[in-house]
Amino acid sequence: EARNLLKNVNSKIKVVGICGTYRKGKSYFANRLLGKIDGFELGHTVDGCTQGVWLWGKYEDISRESAILVLDFQGLEDVRSNHKFDLKLNSLAILLCSFLIINIPNVITQTDIDKLSCVTKISKNVKKALEQANTNTSEINMYFPDLMFLIRDFSLQLPDGLSESDYLLKALNQEKIQQSNLDSDSEDESDEEEQLEQKDRKTT
């Protein structure tokens with residue numbers, strides 16, 4: 001059904017994807033993007049409704065010169081799924097979309113930052129593969145989507161002088177600091193192990 005839909009589109013296609021934790025309103029927002037109420041199926045139980053990747057599309061305007069294709073990805077961290085499958089979904093989202101929306105409920109958490117780190121690692125691997133294939137820089141950039149963080153149902157007050165963008169950057173910078181500390185601790189442990197080995201050699 002999806003293949004037949006795409007075959008009938010003869011205009012330029014803009015691919016918008018939305019991904020995030022399951023049962024957090026991704027499909028509802030995807031419907032709103034399309035101006036629909038009953039497009040993507042909505043679930044009302046604890047089980048995730050979307051399985052795999054579902055798509056729906058519409059033309060941008062009456063001229064039909066370009067179409068918007070919305071991809072609704074299966075929710076991450078579903079108890080019926082696993083981490084390996086989530087990685088595959090993230091990879092597909094990066095490779096298929098020109099604009100990717102990360103759906104986050106309430107506040108940014110460490111889990112959300114970890115997901116972004118996963119996306120970053122996947123992007124680096126894709127970029128490395130493209131570079132090895134002698135793909136030029138301008139073409140490489142075409143493979144990666146623009147990112148938007150959608151924080152849903154945010155009701156808390158930001159500190160004075162802190163904008164929404166500052167809030168996101170603060171969370172990302174905190175992750176960099178933590179990662180730097182982990183790397184330093186790892187280096188210190190390696191130095192201590194090396195010193196102990198040297199002492200053992202001298203003793204023997």
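Hi everyone, let's start inside: the largest nonpolar core has 12 residues, namely Val15, Cys19, Leu69, Leu71, Phe73, Leu76, Leu89, Ala93, Cys97, Leu100, Ile102 and Ile104. By nonpolar core I mean buried Ala, Val, Leu, Ile, Met, Phe, Trp, Tyr and Cys residues joined through side-chain atoms within 4.5 Å, with buried meaning under 20% relative accessible area (1.4 Å probe, protein chains only). At least two residues of this core come from each of strand 1, strand 3, helix 3 and strand 4; helices (H or I, at least four residues) and strands (E, at least two) are DSSP runs numbered from the N terminus. A second, separate core of nine residues includes Phe29, Ala30, Leu34 and Leu150.

Please keep in mind that this is a predicted model, where local features need pLDDT of at least 70 and side-chain atom pairs count only at pLDDT 80 or more, while totals for chains, interfaces and linings use all residues. Residues are numbered from 1 along each chain as its sequence is written, and side-chain values use heavy atoms, without hydrogens or water.

Strands 2 and 3 (residues 66-73) run antiparallel, joined by seven bridges, and Gly57 has Leu69 as its bridge partner in strand 3.

Finally, who does Cys97 touch? Leaving out residues up to four places away in sequence, Cys97 contacts (heavy atoms within 4.5 Å) Val15, Val16, Gly17, Leu71, Phe73 and Pro145.

Definitions and conventions: Two strands pair if DSSP finds at least two bridges between them. Buried means under 20% relative accessible area, exposed over 50%, partly exposed in between (1.4 Å probe, protein chains only).
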